[in-house]
Structures are given as C-alpha cells and as structure tokens.
Amino acid sequence: MLKISKKADYALMALQHIASVQFGDVTPGRVVNTKEIAEEYHIPLELLAKVLQTLAKNGLIESHNGPKGGYLLARSARQITIAQILEGIEGPLGITDCSHEKEGEPCLQREHCNIRTPLLKVQDSIYQLLSNMTLQDMLGGTPLITIQSSTAQGVAQ
C-alpha cells in the first residue's frame, strides 16, 4: 500500500502551519517555534525537532536562533512542492524497491519482471502529481485534485 510515513506526515503538517502563520493575516512574518507546532498538532517534540532540522538542511525552511527564534519558509508556499517536501524527508520517491536501484544491488527479478514498466508509469504519474501540487495548494479550501471516473457517468445523484 502506498503510504506517507509519520515523519513526512509531520513535515507536511508543520510546513502548512508555518506557511499559514507566515503568510496569514494575524501576524505575518512571525517565526514559528517547534514547541508551538508540537502542542498544536500533538506531535512528539523531539521527533518534530528532527523533522524540522531535516527540512532546514534541505533548504525548505530557515532556522532563526534566539529566545524568539523559530522557523520560516525559505521561499514562498507557491514555490515548495509536495514532492520536494516528501523527498526532503524520505529521499527519492519510489513505489517499489527497484524504483531506485543502487549500483551493485540490481533487482533479482529484473530479467523476468512483467510489471516494472507499468509500475514505473504509475510512479511517474504520482511523482508528476506531487510535483505540480504546492504547499500553497494545501492552504486553500479548494480540492487539490479532481478525479474523473468513467464509472461515475450515469450514476444518479
């Protein structure tokens, strides 16, 4: 099953919170500290601190030190994609182990695999979706995507 890890989940929640504070109406530009996010979303403080450090290391947020320190987005929410966030936490995205084969560790089923190409197409579609969806999209109240289904046609509502 395709699943976002807890770390990635916490990263998305934290970045959405930082963006809503940073670009919100109440106190625009205010830095957000780790404790505030952890308390707001009931996230373990130490784990969240590691997640935020990783996001800062990957250039998605900026750390501001001092007694009133915290985090700000490194660039606009419109310029940060969901793919960048997930890759910043998890590394390269892939739906199968062979998606990102390491040199010297080829897939043992490669010669006989009949699903590699179709699964790579699925992976590419997912990656394109995540690359076109931004943190800004997550802030709005509109649907992030609309799915058209051929089975939905002719269904009574």
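Biologist: A crossing of two helices is called left-handed if the near helix is turned anticlockwise from the far one by less than a right angle, and right-handed if it is turned clockwise. Which of the two is the crossing of α1 and α2?

Modeller: The crossing of α1 and α2 is right-handed. Keep in mind that this is a predicted model.

Biologist: OK. Which residues make that contact?

Modeller: On the α1 side they are M13, A14, H17, I18 and V21. On the α2 side they are E36, I37, E40 and Y41. Sorted by type, the residues of this contact are 6 nonpolar, 1 polar and 2 charged.

Biologist: And what is the angle between α1 and α2?

Modeller: Helix α1 and helix α2, which spans residues 34-41, pack at about 115°, and their axes are 10 Å apart. The range from 65 to 115 degrees counts as roughly perpendicular, so α1 and α2 are roughly perpendicular to each other.

Biologist: What about α1 and α3, what angle do they have?

Modeller: About 75°, with the axes 10 Å apart. That angle makes α1 roughly perpendicular to α3.

Biologist: Which residues meet there?

Modeller: From α1, K7, Y10, A11, A14, L15 and I18. They meet L47, L48, V51, L52 and L55 in α3. The contact of α1 with α3 has 10 nonpolar residues, no polar ones and 1 charged.

Biologist: Now α4. How far apart are the axes of α1 and α4?

Modeller: They are 9 Å apart, and the angle is about 135°. Because of that angle, α1 is oblique to α4. α1 passes α4 in a right-handed crossing.

Biologist: Which residues are involved?

Modeller: K7, A8, A11, L12 and L15 of α1 are in contact with I82, I85, L86, I89 and E90 of α4. This contact divides into 8 nonpolar residues, no polar ones and 2 charged.

Biologist: Different topic. How many salt bridges are there?

Modeller: The count comes to 3 salt bridges. One of them is between K6 and D9.

Biologist: How far apart are the closest N and O atoms of K6 and D9?

Modeller: They are 3.9 Å apart, and the cut-off for a salt bridge is 4 Å. K6 and D9 both lie in helix α1, 3 residues apart, which is about one turn of the helix.

Biologist: Last topic, confidence. What is the mean pLDDT of the protein chain?

Modeller: It is 86, and 85% of the residues reach 70 or more. Over residues 152-157 the pLDDT is below 50. Beyond near neighbours in sequence, residues 152-157 have 0 contacts in the model.

Biologist: And in which helices is confidence highest and lowest?

Modeller: It is highest in helix α3, residues 45-57, at a mean of 97. The lowest is helix α5, residues 116-132, at a mean of 91.

Key: Residues numbered from 1 in each chain as written. Predicted model: local features only at pLDDT ≥ 70, side-chain atom pairs only at ≥ 80, totals over all residues. Heavy atoms only, no water. pLDDT = per-residue confidence, 0-100. Helix = DSSP H or I, 4+ residues; strand = E, 2+ residues; numbered from the N terminus. Contact = heavy atoms within 4.5 Å. Axes fitted to C-alpha atoms, helices over the stretch in contact; angles between N-to-C directions. Parallel < 35°, antiparallel > 145°, perpendicular 65-115°, else oblique. Nonpolar A, V, L, I, M, F, W, Y, C, P; charged D, E, K, R; others polar. Salt bridge = Lys/Arg side-chain N within 4 Å of Asp/Glu carboxyl O.
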